[in-house]
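I opened my notebook to look up a few things in this structure. My entries follow.

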Amino acid sequence: MDGLGERIHAIRKSRNLTQQQFADQLSVSRPFISRIESGKESPSDSLLKLISLQFDVSYEWITGGKGSMFTVEINQMDIDIAEVVDRGFVDMLNRVGESVKHCNAQEKIMVYDVLMELADILSLKAKSTSQKTIALETIRDIFCQTAFLMKKCLTLTVTGTFKEEWLDNQYRWFTDNYLEFLSKAKSEFLYSKDE
């Protein structure tokens, strides 16, 4: 084990959590936590920050072993970031509401259907916390790429061979990645442990 792996192991043990329970709280896989603890894999900085927030552990202690493991005070910057995200989410929902006003009846029904499906997924009780995250990541990846492609198709002003080649390339890229998104989700679901 390297120093970082040992510190992650110490955090998990201090909370009396199994690797699976620890992984579930972070929405990652148990094998990933095992590889981190054994020093075979390095966690991203965002995961280290999540561990710090989730388990009230000093980020400086996690990354460099400096100071005390546990934090006592709440970091004001973390509160500010959460408030900005919350405000941004509300602004985004308002923007969707404003944009829908300009849609015809059929388009409004389609937007409603998409939002209801998303709401259903968010309200489901998954077998593990990572499963819901995997489902949302897959939906996000497929939706965002589809939206990008559709926006380009709707706004592309060139015509002829170039437009046809561009659309063919985009279609091939999307179908290849669509299968990759679904394959990743399938493997993650197969290997996630039931609670």
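**Entry: helix α2.** I began with the buried residues of α2, which are Gln-19, Gln-20, Phe-22, Ala-23, Asp-24 and Leu-26. I note at once that the model is a predicted one. Helix α2 spans residues 19-26, and six of its eight residues are buried, so the helix is largely enclosed by the rest of the structure. I then looked just past its end. There, Ser-27 takes a positive phi of about 60°.

**Entry: positive phi.** I stayed with Ser-27. This residue lies in the loop between α2 and α3 (30-37). I looked up its accessibility too: Ser-27 is partly exposed, with a relative accessible area of 29%. Its phi is positive although Ser-27 is not a glycine.

Asn-16 sits in the loop between α1 (3-14) and α2. Is Asn-16 buried or exposed? It is exposed, at a relative accessible area of 68%.

**Entry: the core.** Next I looked inside. The largest nonpolar core has 19 residues. Which of them have the most contacts inside it? I wrote down Ile-8, Ile-11, Phe-22, Leu-26, Ile-51, Phe-55 and Ile-62. The elements giving two or more residues to this core are α1, α2, α3, α4 and α5 (59-64). Phe-22 and Leu-26 were already in my notes, as buried residues of α2. For background, nonpolar side chains in soluble globular proteins tend to be buried together.

I set aside its neighbours within four places in sequence. Ile-51 is then in contact with Ile-8, Ile-11, Phe-22, Leu-26, Asp-56 and Ile-62.

**Entry: salt bridges.** How many salt bridges does the structure hold? I found four. I followed up some of them.

- Glu-41 and Arg-35 join through their side chains, at 2.8 Å from N to O. Glu-41 is partly exposed at 30% relative accessibility. Arg-35 is partly exposed as well, at 33%.
- Lys-49 pairs with Asp-45, and their closest N and O atoms are 3.2 Å apart. Both residues lie in helix α4 (residues 45-54). They are four residues apart, about one turn of the helix. Lys-49 counts as partly exposed at 43% relative accessibility, and Asp-45 is partly exposed at 36%.
- Lys-101 pairs with Glu-98, with 2.9 Å between the closest N and O atoms. Lys-101 is exposed, with a relative accessible area of 56%. Glu-98 is partly exposed, at 43%.

**Entry: a nonpolar patch.** Which residues make the nonpolar surface patch? They are Phe-89, Met-92 and Leu-93, and the patch covers about 290 Å². I looked up where Leu-93 belongs and placed it in helix α6 (residues 76-100). Leu-93 counts as partly exposed, at 45% relative accessibility. Patch residues need over 30% relative accessible area, so Leu-93 passes that cut-off.

Methods: Residues are numbered from 1 along each chain as its sequence is written. This is a predicted model: local features need pLDDT of at least 70, side-chain atom pairs count only at pLDDT 80 or more; totals for chains, interfaces and linings use all residues. Side-chain values use heavy atoms; hydrogens and water are left out. Buried means under 20% relative accessible area, exposed over 50%, partly exposed in between (1.4 Å probe, protein chains only). Patches are made of residues with over 30% relative accessible area and no salt bridge: like charges are joined within 9 Å, nonpolar side chains (Val, Leu, Ile, Met, Phe, Trp, Tyr) within 5 Å. Accessible areas come from the Shrake-Rupley method with a 1.4 Å probe; for residues, only the protein chains shown count as cover. A nonpolar core is a set of buried Ala, Val, Leu, Ile, Met, Phe, Trp, Tyr and Cys residues joined through side-chain atoms within 4.5 Å. Contact means heavy atoms within 4.5 Å.
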